[in-house]
Amino acid sequence: MKAIQITGTSGLDSLQMVQIPQPKPGQGEVLVRIHAVSLNYRDYMNVMGIRGVSGPIPRVPCSDGAGEVAGVGPGVTEWKVGDRVVIPFMPQWLDGEMTQVHQARALGANVDGLLREFAVLPAGCLLHIPDYLSYEEASTLPCAAVTAWNALVVRGQLKAGDSVLVLGTGGVSIFALQLARLAGARVLAISSSDDKCERLLAMGADAVCNYKTAPAWDAWALAQTDGAGVDKVIEIGGPETLNRSLKAVRFGGHVALIGVLTGVSGDIQTVQILRKSIRLDGIYVGSKAMFASLLKAMSQHELRPVIDSTFAMEHAADAFRLMESARHVGKIVVKV
Ligand SMILES: NC(=O)c1ccc[n+]([C@@H]2O[C@H](COP(=O)([O-])OP(=O)(O)OC[C@H]3O[C@@H](n4cnc5c(N)ncnc54)[C@H](OP(=O)(O)O)[C@@H]3O)[C@@H](O)[C@H]2O)c1
């Protein structure tokens with residue numbers, strides 16, 4: 001079968017299409033024919049060696065995929081050939097609290113990811129793709145959408161009328177915008193260009209700020225909320241944005257600490273967190289149970305993911321180049 005592998009340390013140039021043996025499902029396992037994979041910033045970091053692929057190279061990248069059941073191993077009764085399935089980011093994290101074991105088995109880092117024609121997964125981790133979603137759309141959900149759902153709904157306890165600040169127009173932030181609107185929240189959004197700000201308004205943002213021309217977006221967010229601050233922040237930037245997020249959130253508000261786009265450590269005004277009783281909450285994707293509740297909510301409203309671009313498998317490196325350029329809005333998909 002065909003697969004894309006990270007074959008060395010030369011970044012995107014190390015991505016190669018290779019032939020590897022097709023895996024066989026064992027007891028309690030399912031063979032999935034992957035039809036579509038979506039990219040997350042983590043996949044880009046892994047290919048670039050920014051965070052380091054913590055397993056041997058070669059490694060198949062990409063955590064997020066959707067496909068159809070192509071075979072079942074002994075003891076599998078709940079799936080049949082042809083079922084359309086989507087695969088959670090951490091196949092072992094079914095419900096409850098996340099553990100180190102769940103995280104170590106996340107796809108596309110310590111273990112091979114899904115940028116390949118076939119993959120074997122535990123039967124118990126898979127979820128049915130709702131009928132209204134294509135494979136491409138379903139492939140966008142496991143990391144970015146589940147993270148936004150966990151941040152806003154599970155940990156954030158979002159309710160109608162809340163104000164949510166989303167940073168940028170990447171995968172997580174656009175899902176957060178869509179889910180916040182679904183819940184009846186008010187969405188404030190910041191982005192790097194006027195064009196992208198227009199796109200955000202068209203997608204339902206209530207107010208937008210270009211952070212390149214108006215870098216004091218924390219003051220903007222305060223002004224938008226009569227000085228009180230927003231109820232929730234989807235914090236995807238990390239050290240260079242977190243202090244502004246802490247200023248932008250209200251007393252007792254919730255900051256979902258999700259991203260590392262500006263680095264993995266830095267100067268943080270810790271006193272703001274206690275002075276304002278901010279709930280600073282580390283989020284790491286979510287469980288299968290969270291994914292199931294996300295799919296239920298999406299299906300109720302037939303919510304469609306925003307896909308920026310779709311690439312053929314042989315052009316996977318170009319998909320990563322688009323992510324690197326940060327020109328995209330929403331998700332980037334590779335058809336397998
Ligand atoms: N903890 C978790 O479970 C989890 C899950 C998913 C992702 N993440 C992390 O979350 C981050 C976003 O991931 P993603 O896959 O959504 O990335 P992505 O699709 O590549 O989105 C990146 C976008 O973020 C915006 N951005 C970049 N720098 C910014 C800054 N300084 N201030 C505000 N916005 C900025 C840009 O949009 P504009 O041009 O519109 O500003 C950029 O296009 C990454 O660090 C990723 O590793 C974490």
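1. The C-alpha centres of domain 1 and domain 2 lie 27 Å apart in this predicted model, where domain 1 covers 2–145 + 286–335 and domain 2 covers 156–282, the bounds coming from an automatic or database domain assignment. Residues are numbered from 1 along each chain as its sequence is written. Since the model is predicted, local features need pLDDT of at least 70 and side-chain atom pairs count only at pLDDT 80 or more, while totals for chains, interfaces and linings use all residues.

2. To the contact between the two domains, domain 1 gives 11 residues and domain 2 gives 12 residues, two residues being in contact if their C-beta atoms, placed from the backbone, lie within 7 Å. On the side of domain 1 that touches domain 2, the elements with two or more residues are H4 and helix H10 (288–301); helices (H or I, at least four residues) and strands (E, at least two) are DSSP runs, numbered from the N terminus. The residues of that side divide into 7 nonpolar, 3 polar and 1 charged, with Ala, Val, Leu, Ile, Met, Phe, Trp, Tyr, Cys and Pro counted as nonpolar, Asp, Glu, Lys and Arg as charged, and the others, Gly among them, as polar.

3. The ligand is surrounded by 31 residues, of which the closest are Gly 168, Thr 169, Gly 170, Ser 191 and Gly 259; a residue is near a molecule or strand if its C-beta atom, placed from the backbone, lies within 6 Å of it. Both domain 1 and domain 2 supply at least three residues each to this shell. At least two residues of the shell come from each of helix H1 (41–48), helix H4 (141–154), helix H5 (171–182), strand E9 (186–191) and helix H8 (239–248), and H4 gives the most, with 3 residues. By type, the shell divides into 16 nonpolar, 12 polar and 3 charged residues.

4. The largest nonpolar core has 106 residues, and those with the most contacts inside it are Val 32, Val 146, Ala 148, Leu 152, Val 164, Ala 176 and Ile 234. Such a core is a set of buried Ala, Val, Leu, Ile, Met, Phe, Trp, Tyr and Cys residues joined through C-beta atoms within 7 Å; a residue is buried if 20 or more other C-beta atoms lie within 10 Å of its own, exposed if 12 or fewer, and partly exposed in between, with C-beta atoms placed from the backbone. H4 contributes the largest share of this core, 10 residues, and the core draws at least three residues from each of domain 1 and domain 2. Leaving aside neighbours within four places in sequence, Ile 234 has contacts that include Ala 148, Ala 151, Val 164, Ala 176 and Ile 258.

5. Helix H7 (residues 217–224) has as its buried residues Trp 217, Asp 218, Trp 220, Ala 221 and Gln 224. Seen down the axis of H7, these residues fall within an arc of 160°, so they line one face of the helix, the arc being that of the directions from the helix axis to the C-beta atoms. They pack against strand E8 (163–167), E9, strand E10 (207–210), strand E11 (230–235) and H8. After H7 comes Asp 226, whose phi is positive, near 55°.

6. In helix H6 (residues 194–202), the buried residues are Lys 196, Cys 197 and Leu 200, and they line one face of the helix, because seen down its axis they fall within an arc of 105°. E9 and E10 are included in what covers these buried residues, whereas the face of H6 turned away from its buried side carries the exposed residues Asp 194 and Ala 202. Just after H6, Gly 204 takes a positive phi of about 110°.

7. Most residues other than glycine have a negative phi. Gln 157, although not a glycine, has a positive phi of about 50°; Gln 157 lies in the loop between H4 and E8 and is exposed, with 12 other C-beta atoms within 10 Å. Glu 302, also not a glycine, has a positive phi of about 45°, is found in the loop between H10 and strand E14 (307–312), and counts as exposed with 10 C-beta neighbours inside 10 Å.

8. A further loop position is Pro 74, found between strand E4 (64–72) and strand E5 (84–87).
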